[in-house]
Amino acid sequence: MPHAGSRALASLPRKPNVKHTATSVVTIERFIIEQEKLHPEATGELSGILYDMALAAKMIANKVRSAGLADLLGATEDMNVQGEIQQKLDVIANDIIVKAVDHSGRLCAMASEEEPGIIPIPENFRCGKYCLLFDPLDGSSNIDVNVPVGTIFSVVRKITRGARGEMEDMLQPGRRQVAAGYVIYGSSTMLVYTTGQGAHAFTLDPSIGEFLLSHQDIRIPSSGRYLSVNDSYERLWDDKVRMLVRRYRGLHGERRAMSVRYVGSLVADFHRNLLGGGLFAYPSNAKTPRGKLRLLYEANPLAFIVEQAGGAATDGLNRILDIQPDDLHQRTPLYIGSKNDVEIANTMLTEVAKEERPVAAR
Ligand code: AFP
C-alpha cells in the first residue's frame with residue numbers, strides 16, 4: 001500500500017490516545033480504504049490482508065469469549081516447536097488465521113509460533129507478494145484464568161524470485177515490515193496496526209461486529225510510569241541487568257521509581273504501556289540466554305508499532321528492527337516502550353558491553 005497520513009480523515013479529531021466519540025464512527029474498513037485512496041499505485045493486496053486479519057480476530061475473540069462454556073480451556077497433548085504444551089485455543093487460533101488468509105492470493109507463505117517450518121500456500125491457490133508471520137495466541141498460559149491474551153502479526157514483502165515463499169523471504173530484518181499489528185482480547189477486543197504511517201487502534205463493537213476507530217495516531221509518552229518485568233528472574237540475571245532494573249525502580253536515587261505492572265501476556269503489558277507510557281523488559285537470563293520472546297512475530301511487529309507511536313525497542317545493544325534474523329523462531333531479549341526509558345537500557349547495557357570487550361577489540 002504503503003499508507004500516507006490520513007488526509008481523508010483529517011476532519012476527525014486527532015488528539016493522541018483519546019477515544020473518539022460516537023460522532024466520528026469510522027470502521028476499520030473505511031479507515032483502510034480512505035488511506036489506500038491516497039495511493040493510486042496501491043493494488044489493495046495489503047489492505048486485503050488487514051481485512052482478513054480483522055476477520056480472523058473477530059473469530060478468535062468469539063472463541064476466547066466462549067472458551068469456558070465450550071470446554072476449550074486447557075492444554076492439548078501436543079508440544080509446539082518451542083517445547084511448550086500447546087493450549088487448545090492456540091491450535092484453534094492458528095487454524096482460524098491460516099484459513100482466513102491462505103486462499104486470498106495475497107500471500108506467498110506464512111509462519112506461525114505453533115508450526116515448525118514455513119506454512120505453504122496450498123497448491124490450488126494463487127500465491128501473492130507478501131508473507132505473513134504470526135503468533136496466533138500470545139500469553140496462552142493465562143487462558144485458564146481469564147487473563148487477556150492476544151494475537152500478533154507481521155507482514156513483509158516477498159524478496160525471492162520463485163512463485164512460492166521461501167525461508168529467505170521470512171528472515172528479513174524488522175525494518176522491512178510493510179504492516180504489523182496485534183489484537184488484544186481483554187475487557188474489549190482491540191486491534192492495533194501500522195503500515196508505517198502512524199499506529200491506530202480499533203475497538204470491536206460486539207453489538208454490530210465491527211472494529212471502530214478508537215485511537216488514531218497513538219503517541220506513547222516519552223517517559224513512562226510503569227515497568228513490566230518478571231523480577232522473579234533476578235537471581236538468573238547478570239549484574240548489568242540487575243543494576244538496570246534497580247535503576248528503573250528508583251533504587252539508585254537517579255530517577256523516580258517506576259511502578260511495576262506485569263500481566264505475563266506480552267500483548268497486555270505492551271498495550272498498557274503504549275497507551276499510558278512505560279517499559280516492558282524481558283532480559284536474557286542464565287536459563288534463556290537469548291531471551292524468551294520471538295523476534296519475527298513478537299518483537300518485530302511490536303517494535304514497528306511502538307516506533308510509529310514515538311517509542312523505541314532494543315535488545316539492549318541493537319535496535320530490534322535492525323536485527324538480521326537467522327532462524328524462524330529466533331528469540332531475543334526485549335526492552336520496548338517509552339523512548340527515554342528504552343534509551344536508559346541501551347546506554348547502560350552498551351556501556352557495560354564496551355567495558356567488557358578486550359582492550360585490543362575497542
Ligand atoms: P505463554 O504464551 O506461554 O503464556 O508465554 C507468554 C509470553 O511469551 C509473553 O506473552 C509474556 O510476556 C512472557 O511469555 C511471560 O513469560 P514469563 O512467564 O517467563 O514471565
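Colleague: How many residues of helix α8 are buried?

Modeller: Buried means under 20% relative accessible area, with a 1.4 Å probe and protein chains only as cover, and helices are DSSP runs of H or I, at least four residues, numbered from the N terminus. Here 13 of the 14 residues of α8 (residues 295–308) are buried, so this helix is largely enclosed by the rest of the structure. Just after α8, Gly310 takes a positive phi of about 95°. This is a predicted model, in which local features need pLDDT of at least 70 and side-chain atom pairs count only at pLDDT 80 or more, while totals for chains, interfaces and linings use all residues. Residues are numbered from 1 along each chain as its sequence is written, and side-chain values use heavy atoms, with hydrogens and water left out.

Colleague: Which residues does Ser265 touch?

Modeller: Contact means heavy atoms within 4.5 Å. Ser265, in the loop between β12 (259–260) and α7 (266–276), is buried with a relative accessible area of 0%, and, not counting residues up to four places away in sequence, touches Asp138, Gly139, Asn142, Pro148 and Val149.

Terms used
Buried < 20%, exposed > 50% of the residue type's maximum accessible area, 1.4 Å probe, protein only. Helix = DSSP H or I, 4+ residues; strand = E, 2+ residues; numbered from the N terminus.
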